[in-house]
Amino acid sequence: MSTPDDREPAVGPADRTPAGPEGVAVDPAVAATEQPGGERQPSLPQNFLQNLWAANTVTVTVLSMVLALLIGAVLIIVSDPDVLATYSYITARPSDAINGSWTLVSEAYANLFKGAIVDPAAVSGWLAGENTWQVVFAPISETLTYAAPLVLTGLAVALAFRGGLFNIGAQGQAVIGTITAAVAGFVLPLPVGVHLIVALLAGALGGALWGFIPGILKARTGAHEVITTIMLNYTAGLFLGWIILQGGIHDPNRSDAISKRVDGSAQLPGLLGGGLRVNLGIVLAVAATVAVAWLLNRSAFGFELRAVGANPDAARTAGISVTRTYVLLMVSAGALSGLGGATQVLGTAHTLTPQVAGNIGFDGLLVALLGRTRPWGVFLAALLFGALRAGGNRMQSFSGISLELVTVVQALIVIFIAAPALVKAMFRLRAARAARLQTSVAKGW
Amino acid sequence: MSTVTVEDLAGVTVPRRFWTRERKTGAVFVALGVLAAGLFGALAPAETARFTLSEDASGAALKINGQFGAILFGIVTIGAGATLLAGVARRWTSTLLGLGILAFVLSFLCWQVAGKFMPLVDTAKGSLELALPLILGALAGVLCERSGVVNVAIEGQFLMGAFGAALVGTMAASVWIGLLSAAVGGLVIAVLLAVLAMRYLVDQVVLGIVLNLLALGLTGFLYERLMQPHADVYNQPPRMPTWRIPGLADIPVVGPVLFNTNPLVYLALILVAVISVGLARTRWGLRTRAVGEHPAAADTVGIRVKGTRYRNVLLGGLIAGAGGAFFTLVSTGSFNKNMTSGAGFIALAALIFGRWTPVGAFFAALFFGFANKLATYLSAIGSPVPSQFLNMLPYLATLIAVAGLVGRVRAPAADGKPFIKG
């Protein structure tokens, strides 16, 4: 037996891919040509081809972001009555409308940037000795804090995608992960160090259990994982709402729905100190990305799951147990999501509330699509989403632009990414290698 | 077992296994019946359970001893399960299924209501009202999915509908214009869904989820920018009136539930009938089903596949949007961020649980509405059964259904597969 990658062509490009010039699928050809990740050294012509392709991907990605931000800008203008009023006399004095809009939008997006990357005022303040270096890193710290759980849930969706499963259940798996991690965090009396590891493992285990259900149902009964995971998402949410109020979980000193606080020994320690929120979660996220990249590209299981994802029938013929792969795949995806939930509750929230997991599961779905289901792509996409979220907070408090704008922009980016033909048509991009830009599997229920 | 039916003889060469789907269901029912008769019966106090035929405690009532009722209906469930287990003709299966579920629910109710009362008219009215958006959403799903387009964006269509109804309804000070804009709100999402799915071939499940987030963000953003600061200008829509149908509304029990209610209920009931008949009996219905099951074949005989799909998706958007109007014009009277809170996904569950048929989806939606109403009722009477578990019922029921434990659930064959002519 040779290395996994050499075997790939055996199950190669799938006839399962739905017909059509734009072949809407995680293009198996990509899976095959993609000599995993960026850390290897392909030959020169290969490198050139890859760069060409990558440049195309990058172009569409960048244009998608620009388009999304443009639409966001239109929304900002339309929803501001004062500026909107200037448009009633735009033919008479266009400068009013244009200046007003520009001030409004540029200020909002400047705050988005300052909240996400760096605030120049803080840098000059630090150089002048007026504030500490922590203030300079505060935006980055926030970005990384928001990104950490998204990396994990994004990886969960991406991993399942590569195996041909559409894991919409990342949200539910993350919710169960928050529950088990938090409960392990305040119930078990364990020493420092061990406690954190046990709590993280508990989170992963909870998520894995919630991923196991759709996996086994898919493998045994053929129940479509999209339907089952949607149902399990809401079941998990309701279960969280119930368990918070139970004795032993609920904080006896509070009347609202909130659990006890996770012990200090089970909290993810901060990395920078000085009130910065960034914690070990982001390190965990990097580790998980490395692990998933290895799993996908270097391990036997990764080969099997890619084979199953490319063509389950061919994989079965080749002697791969499809049912076993589906179950294992959903269990590992669930574990990743659960870990994401654990990062959320052990890193920042520290208590269970009905909204503790926020939207990290669904955001993870967007992140996976934006990252084109590649581990490091997912990592970068999660950083972008974390940055948007962190900047959005500042935009909300400084410019009064609702944080929901970030949701709109995120959704728009992914719509444009998922419809590269649309972006190409809008910008009249070169038609080359269009099919390679596709991200997702179209196969219905 | 002497249950060799005609089907078996005429059928396949493979011998049928003993554990058919019906038998498995039967076994599950027997277990449920034992649980009902044993556990509910043991827990139920031996007091009278009153099911009053009105909206409160007054008036005539159906009375039964709680403990006796719980055991009796538990035994009925066991009976239904045992009959299924023994093996009967296929045509009785769904009747027995219905009987088993009904008896189980009744057993549960006898336990819970023992020593108290349950107003039947109020329960039925509330169930129907809570089911209303689910019915409309599921019908929208039926239209889309029977023609082969997966619609996971019902939630987003609800939100846009609810938002449009509140915004335009307030500005125009008219509930009907509000309803119309709700439909248009749903249509906006439907247009995006149709164009991106059919023209740009985006995966339909991905698209649905992303459109939900888009609707969530868009309505939330505009809510915070417009509605929160100026609620009186943008967020005080008139409430939908109650239409009393003279004569019919005086029928006891049924009258007040069905014929003295808001116009959306009438709309929903009419739509269920129209779509049901339309799908089964009209040219449009046949074409829709053909396009959803085998687009290539439909294309060969000259049916415009994409045209049919576009029409159905847009029609579905109008209906789901109107369903969204329920939240602002009927239920609460103002828009709030993420106010649908997953109702679109329950509608999706109703669609699947109802096996992609209008009537099935209707009954599934009613069942889910009832579960929801029951959750409110039980928490009101201080029942030990947590409301969260009753609210889980739609999701769990769908999970069980798609896993094939109860009957067979099959989506239209071409559901979610884009059609490229060629």
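The questions and answers below concern a predicted model with chains A and B.

User: How many helices and strands does the secondary structure of chain A come to?
Analyst: In this predicted model, chain A has 445 residues, of which 54% count as buried. Among its contacts between residues at least 6 apart in sequence, 75% join residues at least 24 apart. The secondary structure of chain A comes to 18 helices and zero strands.

User: Which helix gives the most to the side of chain B that touches chain A?
Analyst: The contact between the chains takes 47 residues from chain A and 45 residues from chain B. On the side of chain B that touches chain A, the residues divide into 31 nonpolar, nine polar and five charged. At least two residues of that side are supplied by each of α8 (204-227), α15 (343-353) and α17 (387-402) of chain B. With 17 residues, the helix that gives the most is α8(B).

User: Are α11(B) and α12(B) roughly parallel or roughly perpendicular to each other?
Analyst: Helix α11 of chain B covers residues 263-281 and helix α12 of chain B covers residues 283-293, and their axes come within 5 Å. The contact is made by Gly278(B), Leu279(B), Ala280(B) and Arg281(B) of α11(B), together with Trp284(B), Gly285(B), Thr288(B) and Arg289(B) of α12(B), and these residues divide into three nonpolar, three polar and two charged. The axes cross at roughly 75°, and angles of 65 to 115 degrees count as roughly perpendicular. The two helices, α11(B) and α12(B), are therefore roughly perpendicular.

Technical notes:
Residues are numbered from 1 along each chain as its sequence is written. Chains are lettered from A and ligands numbered from 1 in the order in which they are written. This is a predicted model: local features need pLDDT of at least 70, side-chain atom pairs count only at pLDDT 80 or more; totals for chains, interfaces and linings use all residues. Axes are lines fitted to C-alpha atoms, for helices over the stretch in contact, and angles run from 0 to 180 degrees between N-to-C directions. Helices (H or I, at least four residues) and strands (E, at least two) are DSSP runs, numbered from the N terminus. Angles under 35 degrees count as roughly parallel, over 145 as roughly antiparallel, 65 to 115 as roughly perpendicular and the rest as oblique. Two residues are in contact if their C-beta atoms, placed from the backbone, lie within 7 Å. Ala, Val, Leu, Ile, Met, Phe, Trp, Tyr, Cys and Pro count as nonpolar, Asp, Glu, Lys and Arg as charged, and the others, Gly among them, as polar. A residue is buried if 20 or more other C-beta atoms lie within 10 Å of its own, exposed if 12 or fewer, and partly exposed in between; C-beta atoms are placed from the backbone.
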